[in-house]
Amino acid sequence: MSVGLVIVSHSAQLAAGVVELAAQMAKEVTLVAAGGMDDGGIGTSLEKVMEALERADTGDGVLVLTDLGSAVMTAESALEFLGNPENIRLANAALVEGAVAAAVTAQGGAPLAAVQHAAETALTPGAATALELGSVPGALSGQGPMPAGPAAGPAAGPAAEPGTVTAQLTLINPMGLHARPAAVLAGELGAMDVEIEINGVDGQSVMMLMALGAGQGTELAVSATGPDAQRAVELVRSKVEAGFGEI
């Protein structure tokens, strides 16, 4: 089981689209769309939200993400009607970026508080540039190459502190570190007791990994500390050297 997500939007198509996108990177997470009015029009429906909350609750809690102001009000009304249960939370997060970050974090087995935090920090300054991937053909779909070169930043860094596990790796898959590999790394690393950076960003954040824009041939400097540091670095090494199963 994992934390479930409910996507509340004024548009049924928008809610369904966000669910479809997030599901590409978190196939084991329960994602439920609650978009539009009961008659199919634009708006929000308390009944739809209530039904979605019930469907999304698999035992580990539910995080609700919304688009516009009245969607927040509808979600709050649903929670109030249910007695404001502790296992259901309303995220103050960007809808698309928050849903993707939350879904990947939930996929790794994180508790509700961590899933909420991932959603609400998805658009930190380091992660915000992941939006730029929309201009890269195939960055999400896997239908085109990521640009190679220094866009991901220099791989070299300062000397490692004692107890730090490091690795220097090169991306060999044609697409580089696009959405799916980033989700795989962030999800699996998120389940470990480790602090890990890849080219200076949080290796447990799918949005920050995507923001690197790391294409084929980019060197990755991996640095990890903590009880699972060795295992985490070896995980990254195995995924990168296998081309994330894309070659």
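1. For the angles used here, axes are lines fitted to C-alpha atoms, for helices over the stretch in contact, and angles run from 0 to 180 degrees between N-to-C directions. The model is a predicted one.

2. Helix α4 (residues 95–107) and helix α5 (residues 112–120) have axes that come within 7 Å and cross at roughly 150 degrees. Angles over 145 degrees count as roughly antiparallel, and α4 is therefore roughly antiparallel to α5. The crossing of α4 and α5 is right-handed.

3. On the α4 side, the residues in contact are G98, A101, A102, T105 and A106; on the α5 side, they are A114, V115, A118 and A119. Sorted by class, the contact of α4 with α5 comprises seven nonpolar residues, two polar residues and no charged residues.

4. An open sheet is formed by four strands in the order β5-β8-β6-β7, with antiparallel pairing. The edges are held by β5 (165–170) and β7 (201–202); each has a single partner strand, so one side of each is left without a neighbour in the sheet.

5. Strand β6 (residues 195–198) and β7 run antiparallel and are joined by two bridges. Within this pair, E197 stands opposite D202 in β7.

6. Which strands does helix α9 (residues 229–241) touch as it packs on the sheet? The helix touches β5, β6 and β8 (219–225). The direction of α9 makes about 5 degrees with that of β5.

Definitions and conventions:
Residues numbered from 1 in each chain as written. Predicted model: local features only at pLDDT ≥ 70, side-chain atom pairs only at ≥ 80, totals over all residues. Heavy atoms only, no water. Parallel < 35°, antiparallel > 145°, perpendicular 65-115°, else oblique. Left-handed = near helix turned anticlockwise from the far one by under 90°. Contact = heavy atoms within 4.5 Å. Nonpolar A, V, L, I, M, F, W, Y, C, P; charged D, E, K, R; others polar. Pairing = 2+ DSSP bridges.
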